[in-house]
Amino acid sequence: MSILFEVGVIHYTHPVVVIIAVSPRFLEYIDFVMGLHLQGHWGDISVIEYEASDMGLLASTSVSSAYDLVEEFEQLGGTVIIVTDLLLAMTIVSMSPSD
């Protein structure tokens, strides 16, 4: 696996922490999508958001990605959202509301 940047300090929002407490295997899913994020696979986002992350990577500012939950975790929420601020060396992992 070839990573394009470092995530820095990772912060999980409260909903993510609650889901991990209920389903510890969810952390494995987050690790998996974090690997995609680090490789520049921005996931389930629009073309404009995809291009913005590509530009953020080139400019060393920020990148974001979103990943729909796999079937095993669908009942736990909507989408995992990962935002890395490359300047602050910080990544936030959050959840979108369920549809």
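Q: How many aromatic pairs does the structure hold?
A: This is a predicted model in which local features need pLDDT of at least 70 and side-chain atom pairs count only at pLDDT 80 or more, while totals for chains, interfaces and linings use all residues. Residues are numbered from 1 along each chain as its sequence is written, and side-chain values use heavy atoms, with hydrogens and water left out. Rings of Phe, Tyr and Trp (its six-membered ring) pair if their centres lie within 6.5 Å, with planes under 30 degrees apart counted as stacked, over 60 as edge-to-face and the rest as tilted. On this basis, the number of aromatic pairs in the structure is 4.

Q: Which residues form one aromatic cluster?
A: A pair of aromatic rings is described by the distance of the centres and the angle of the planes. One aromatic cluster in this model is formed by Phe26, Tyr29 and Phe73.

Q: Which residues are linked in a network of salt bridges?
A: A salt bridge here is a side-chain nitrogen of Lys or Arg within 4 Å of a carboxyl oxygen of Asp or Glu, and the structure holds 2 of them. Arginine 25 meets glutamate 28 at 3.2 Å, N to O, and meets glutamate 72 at 2.9 Å, N to O. The network of salt bridges therefore links Arg25, Glu28 and Glu72.

Q: How many residues apart are arginine 25 and glutamate 72?
A: Helices (H or I, at least four residues) and strands (E, at least two) are DSSP runs, numbered from the N terminus. Arginine 25 and glutamate 28 are 3 residues apart in helix 2 (residues 25-38), so about one helical turn separates them. The salt bridge of arginine 25 with glutamate 72 instead links distant parts of the chain, since glutamate 72 lies in the loop between strand 2 (62-68) and strand 3 (79-85), and the separation in residues is 47.

Q: What is the relative accessibility of isoleucine 10?
A: Isoleucine 10 is found in strand 1 (residues 9-12). Buried means under 20% relative accessible area, exposed over 50% and partly exposed in between (1.4 Å probe, protein chains only). Isoleucine 10 counts as partly exposed because its relative accessibility is 32%.

Q: Where does a positive phi of about 60° occur just after helix 3?
A: Helix 3 (residues 47-59) has 13 residues and reaches 18 Å from its first C-alpha to its last, close to the 18 Å expected at 1.5 Å a residue, where the expected span is 1.5 Å times one less than the number of residues. Just after this helix, the positive phi of about 60° is taken by serine 60.
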